[in-house]
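Subject: Structure for you to look over

Hello,

Here is the structure I said I would pass on.

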Amino acid sequence: MADYKIVLLKGDGIGPEIVNQAVKVLDKAGEKFGFSIEYDEALLGGCAIDATGVPLPDETVEKCKNADSVLLGAVGGPKWDNQPGNNRPEAGLLGIRGALGLFANLRPAVIFEPLKEASPVKDEIINGALDIMIVRELTGGIYFGEKGRKEVNGQPAAYDTEMYTVPEIERIVRVAFDLAMKRNKKLTSVDKANVLESSRLWRETVIRISKEYPEVELNHLYVDNCAMQLVINPKQFDVIVTSNIFGDILSDEASMISGSIGMLASASLSEGKSGLYEPIHGSAPDIAGKGIANPLATILSAGMMLKYSLDRPEAAEAIEKAVNKVLKEYRTPDIYEEGTKKVTCEEMGDLVCAAL
């Protein structure tokens, strides 16, 4: 019997291609470190709409709940733009996060040494390296709050409500403090406490929880200042914790500082060990099937899965080192530069396996 059971949600566009490469690397890591994985596939997103009429079939939820972890490719594309909001591929993503209780989104913004030229931020600012972890609350806040339309003074109006309960804040903040303890013991909490009541509650809660972690240096930034500081002096950050909407925006900003969206992994975690792991880039339907997609973000997401869900930190580290090694010489078209060799999606997967 296999040691772990993983559900693959290959999704749309380049999703199947990049997930296949990550599976190859996971199997190679298992071979090297002495564990085995059994895979099951399920539908999510546009492919699920095509097959079943809905973006998140019940069968998918059931399979994911019974697995040790979930690896996702990417979902969506113009093909499904005519679907109503609640039946778009992205609604499947929100649905699976809710169904699995995935409340903590971990987004590393890392610069790999061979790719430092790709960062739009000057090298004297980043000094050839960057390693920030953004912890974003994923199941509360304005995206899940009460919303609707009404008339105000005879005019059409719309509203979305930002609301957090103390337990929701406590659990995401503890995840961030625990991560900070394993890293450089520095945590930045980001809010808008000068304007928003929900942010004032957020800040009060963070300060109270901080007493449980006396070793961690805590500071607070307003979200607008944090957005500026990420560009002016990103190296001041280690772990950042923030709400759903602020985290959505700041994690995309941080990912662009690291230069290539095709390199960035993410993890979404629940209260237990279970998690969903995915690259942060989209489904890129325009390049699907051409063999030129960059599988590294998905491979690195599989590495995060080994670290956070499967308790295999040594295998996770080996994958990161293998990716770093391969990048010195080989590139997919999206990150290609003079002096390196251009390779296909499949070749990149093989190279990482060989480097492992």
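Leucine 8 has glutamate 41 in E2 as its bridge partner. Please keep in mind throughout that the model is predicted. Between the two comes helix H1 (residues 15-33), and E1, H1 and E2 together make a right-handed β-α-β unit.

The sheet

Which order do the ten strands of the open sheet follow? The order is E2-E1-E3-E12-E11-E4-E5-E10-E8-E9, with mixed pairing. Strand E2 (37-41) and strand E9 (217-222) are the edge strands, each pairing on one side only. On average, neighbouring strands in this sheet are turned by 25° against each other, if direction is ignored.

As a general point, the strands of a sheet pair through backbone hydrogen bonds, in either a parallel or an antiparallel way. An antiparallel case is strand E4 (residues 104-111) with strand E11 (residues 265-269), which pair over three bridges. There, asparagine 105 has serine 268 in E11 as its bridge partner.

The helix pairs

H6 and H7: The axes of helix H6 (residues 166-182) and helix H7 (residues 197-210) come within 9 Å and cross at roughly 50°. H6 and H7 are therefore oblique to each other, and H6 passes H7 in a right-handed crossing. On the H6 side the contact involves Val166, Ile169, Glu170, Ile172, Val173, Arg174 and Phe177. These meet Leu201, Trp202, Thr205, Val206, Arg208, Ile209 and Ser210 in H7. By class, the contact of H6 with H7 has nine nonpolar, two polar and three charged residues.

H8 and H9: How do helix H8 (residues 223-232) and helix H9 (residues 244-257) lie, and at what angle do their axes cross? The axes come within 10 Å and cross at roughly 10°. Angles under 35 degrees count as roughly parallel, so H8 and H9 are roughly parallel to each other. Val223, Cys226, Ala227, Leu230 and Val231 in H8 meet Phe246, Leu250, Glu253, Ala254 and Ile257 in H9. The contact of H8 with H9 divides into nine nonpolar residues, no polar ones and one charged residue.

H11 and H12: Helix H11 (residues 313-327) packs against helix H12 (residues 345-355) at an angle of about 120°, and their axes are 8 Å apart. H11 and H12 are therefore oblique to each other. The crossing of H11 past H12 is right-handed. From H11, the residues in contact are Ala322, Val323, Lys325 and Val326, and from H12 they are Met348, Leu351, Val352 and Ala355. Seven residues of the contact of H11 with H12 are nonpolar, none is polar and one is charged.

Regards

Conventions. Residues are numbered from 1 along each chain as its sequence is written. This is a predicted model: local features need pLDDT of at least 70, side-chain atom pairs count only at pLDDT 80 or more; totals for chains, interfaces and linings use all residues. Side-chain values use heavy atoms; hydrogens and water are left out. Axes are lines fitted to C-alpha atoms, for helices over the stretch in contact, and angles run from 0 to 180 degrees between N-to-C directions. Helices (H or I, at least four residues) and strands (E, at least two) are DSSP runs, numbered from the N terminus. Angles under 35 degrees count as roughly parallel, over 145 as roughly antiparallel, 65 to 115 as roughly perpendicular and the rest as oblique. A crossing is left-handed if the near helix is turned anticlockwise from the far one by less than a right angle, and right-handed if clockwise. Contact means heavy atoms within 4.5 Å. Ala, Val, Leu, Ile, Met, Phe, Trp, Tyr, Cys and Pro count as nonpolar, Asp, Glu, Lys and Arg as charged, and the others, Gly among them, as polar. Two strands pair if DSSP finds at least two bridges between them. A crossover is right-handed if, with the strands pointing away from the viewer, the path from the first strand over the helix to the second runs clockwise.
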